[in-house]
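I opened this notebook to record what I looked up in the structure, one topic per entry. The sequence and model come before the entries.

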Amino acid sequence: VRDRLLMNAVRLAYRDVLYHGRYPAYVLYLTLDPKLVDVNAHPAKLEVRFRDSRQIHEFVFRALERALAGTMPEAGAAPAASFAPAASFAPATSASPATSFSPAALSPAVSLSPARQLSAPFPHHSPAHSPARDPWALAALVADAPTPIEEQPLGTAIAQLHGVYILAQTAGGLVLVDMHAAHERVLYEKLKAERARGAVPSQLLLEPLTVQLKAGELDAILEDREEWTRAGFEIDALSDTHLALRRVPAFLPSAEIPRIVKELVHDLTLDGGTHHLESAADRVLGTLACRSAIHAHRRLTLPEMNALLRQMEETERANQCNHGRPTWTRLTLQQLDQLFLRGR
């Protein structure tokens with residue numbers, strides 16, 4: 001059947017784990033009392049009408065949301081991104097014939113595991129960096145004894161590639177992580193959890209910060225003032241083009257606040273209600289997390305990289321960033337051996 005109610009429930013559940021322009025493919029099977037549904041709502045039986053549509057919508061939405069919340073790195077789980085290298089490899093010597101090779105791609109299927117409670121620590125300032133100079137340093141996790149690699153789905157960081165990817169070693173091979181996409185998801189889920197507990201921790205500024213905006217942008221912000229408040233901001237209009245920030249989220253570095261706010265306003269105005277996140281509050285938090293997360297060419301220490309890996313393992317929906325992009329992939333030892341024709 002075609003039912004807008006059910007389609008909307010599924011779309012909402014997938015709202016921040018699907019890449020732009022993609023839609024979930026699914027088979028939905030509901031068992032309920034026949035008295036609660038009218039199957040004669042359409043001459044060709046293509047539509048149905050539920051007696052309690054709100055209850056059905058909430059049930060489908062919550063069930064899918066719980067399942068998708070468990071899409072995080074786990075031992076034996078399929079990675080968020082599949083690996084499919086080029087099919088043909090030429091040997092070093094021209095005298096030998098070319099070898100055709102196509103290793104089996106990792107399964108792109110999402111592993112649905114029971115949802116966990118969010119317990120990832122929020123990024124703190126690294127002792128090696130002063131907060132004023134490096135406010136987004138990830139906390140170095142210190143343990144009395146190193147945890148075996150087998151117990152860490154994302155392994156142990158060994159290097160950073162081009163300032164974009166984290167390379168980690170596991171018992172079964174190699175893991176690559178998009179550090180910005182991963183940190184973005186960690187921040188977003190942390191912000192959502194804090195909002196659910198009451199409000200995002202914020203700090204009152206001694207002197208208001210003024211940000212110059214376009215008249216249209218300022219009007220759009222004031223319309224969503226309540227959602228900005230729930231995200232940890234206190235805002236006022238000083239003029240038609242000047243925004244005053246009197247309170248900001250506690251984790252934002254002072255020097256970065258004007259830049260982040262301008263980028264946040266630009267993104268939200270550009271989206272104009274068509275963002276992949278449905279509610280205005282989620283739009284603000286999602287964009288805030290994206291703009292605040294560590295970006296490319298930010299050099300991380302090995303403890304910082306490992307801290308991010310551990311946070312990913314404890315964060316719901318960590319397989320995808322806020323925009324639905326995959327955050328990590330894996331190469332098994334078997335695939336690495338095949339790349340170099342080992343074992344023949």
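**Entry 1. Aromatic pairing.** I looked for aromatic pairs and found one in the structure. The partners are Trp228 and Phe233: their ring centres lie 5.1 Å apart and their planes meet at 65°, so I recorded the pair as edge-to-face. The cut-off behind that label is a plane angle over 60 degrees. I then looked up the accessibility of the two residues; Trp228 is buried, and Phe233 is buried as well. I note here that the model is a predicted one.

I went through the pairings in turn. Strand 8, residues 202–212, is joined to strand 10, residues 242–249, by seven bridges, and the two run antiparallel. Within the sheet, I found Leu204 opposite Arg247 of strand 10. Strand 9, residues 234–237, also runs antiparallel to strand 10 and is joined to it by four bridges. Here Ala237 stands opposite Leu243 of strand 10, and Glu234 has Arg247 as its bridge partner in that strand.

Entry 2. Which strands form the open sheet of four? I read the order as 5-6-7-11, with antiparallel pairing. Its edge strands are strand 5 (156–161) and strand 11 (328–332), each of which pairs on one side only. With direction ignored, neighbouring strands of this sheet are turned by 25° against each other on average.

I examined one pairing more fully. Five bridges connect strand 5 with strand 6 (residues 165–170), and these strands run antiparallel. Gln160 stands opposite Ile166 of strand 6.

**Entry 3. Helices on the four-stranded sheet.** I then looked up what lies against these strands. Helix 3, residues 179–197, lies across strand 5, strand 6 and strand 7 (173–178), and it runs at about 70° to strand 7. Helix 8, residues 302–313, packs on the sheet and touches strand 5, strand 6, strand 7 and strand 11. The direction of helix 8 makes about 115° with that of strand 5.

**Entry 4. Helix 1.** Which residues of helix 1 are buried? In this helix, residues 4–13, I listed Leu6, Ala9, Val10, Leu12 and Ala13. Viewed down the axis of helix 1, its buried residues fall within an arc of 165°, so they line one face of the helix. I looked up the cover over these buried residues and noted that it includes strand 2 (49–50) and helix 2 (53–69).

How values were computed
Residues numbered from 1 in each chain as written. Predicted model: local features only at pLDDT ≥ 70, side-chain atom pairs only at ≥ 80, totals over all residues. Heavy atoms only, no water. Pairing = 2+ DSSP bridges. Buried < 20%, exposed > 50% of the residue type's maximum accessible area, 1.4 Å probe, protein only. Arc of directions from axis to C-beta. Contact = heavy atoms within 4.5 Å. Axes fitted to C-alpha atoms, helices over the stretch in contact; angles between N-to-C directions. Phe/Tyr/Trp six-rings, centres within 6.5 Å; stacked < 30°, edge-to-face > 60°.
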